[in-house]
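Colleague: Could you walk me through this chain while we look at it together?

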Amino acid sequence: MRSVSLVLGAGGARGYAHIGVIAEIEARGYKVVSVCGSSMGALVGGLYAANGLKAYQQWVEPLRWIDVVRLLDLSLSRGTIKGEKVFAKLRELIGNPAIESLRLPYTAVATDLTNGKEVWFQRGSLLDAIRASIAVPGVFAPVLDHGRVLVDGGVLNPLPIIPAVAAHADLIIAVDLNSHGETLPRHLFPEPLRHIGGSRVPSQSRIGLMMSSMEAMQSALTLYKIAGYTPDLVIRIPKEICGFHEFHRARETIELGRRLALYQLAAFEEARWPGEPASIDE
């Protein structure tokens, strides 16, 4: 059984695709021995390391748009979402374990705005680490920590590959949620998405423009991170499959993540270990 150090990238609601990717990695017989993530990747990776991912999936898959809206607790004084309802649910699902007690080595990446640098959470409260890593500026309230203002890890590092190196696994597999789908076969996508790779017009709302700006920044930063330290495999999730804010589309995004991982893992295995069985059946 080959061991994997898993890197889960930032990308808002597209982070649901990580759940499908993890399912396919495990189904193909790999053993995940460490996980690190940024933003939504930190959330999914933390739940996975805490044995709470299945329960989380069962919670989010039925959520409708109105259910997501009801989970938002807007702070009128700051104009940001506090996230208390979401974290109350996460606490219900997994408690609040210490990172060092998890079954896998885990790293969550946040951004320290005060000092302009990355922060790696590898000890302490798991929920505090996730909260800091997902605090999208202007959307979720920042975390104030000993004089530091901590926000979304994707601001500086949407694909945190370097923490994965310490695991000394057979493979480093990274999941990029900000790629484009031009090189992926159309049959992988349901009919409405087979135009994938085409241009999109960003929403002209304040939040829409903010999210589009965040996506553009993360796409550029991800290329830089991959160039600096190239993983054995980058599983590419096209950003067109799901809007940054579309948290009501969990079921289909999880399934698309699984299908995209299946295809890309099979192609990787065929190139890396020719002659070994590699199924891309759906």
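Colleague: Why is S2 largely enclosed by the rest of the structure?

Modeller: Six of the eight residues of S2 are buried, so S2 is largely enclosed by the rest of the structure. Buried means under 20% relative accessible area, exposed over 50% and partly exposed in between, with a 1.4 Å probe and protein chains only, while helices (H or I, at least four residues) and strands (E, at least two) are DSSP runs numbered from the N terminus. Please keep in mind that this is a predicted model, in which local features need pLDDT of at least 70 and side-chain atom pairs count only at pLDDT 80 or more, whereas totals for chains, interfaces and linings use all residues. Residues are numbered from 1 along each chain as its sequence is written, and side-chain values use heavy atoms, with hydrogens and water left out.

Colleague: Which strands pair with S2?

Modeller: Strand S1, residues 3-8, pairs with S2 in the parallel sense over six bridges, and strand S5, residues 106-112, also runs parallel to S2 and is joined to it by four bridges. Two strands pair if DSSP finds at least two bridges between them.

Colleague: What else is Ser34 in contact with, leaving aside neighbours within four places in sequence?

Modeller: With those neighbours set aside, the residues in contact with Ser34 (heavy atoms within 4.5 Å) include Val4, Leu6, Leu104, Pro105 and Ala167.

Colleague: Changing topic, which residues touch the most other members of the largest nonpolar core?

Modeller: Those are Leu6 and Tyr56, in a core of 67 residues, where a nonpolar core is a set of buried Ala, Val, Leu, Ile, Met, Phe, Trp, Tyr and Cys residues joined through side-chain atoms within 4.5 Å. Apart from that core lies another one of nine residues, including Leu159 and Ile226.

Colleague: How many helices and strands are there in the chain?

Modeller: The chain has nine helices and 10 strands, and buried residues make up 54% of its 282 residues.
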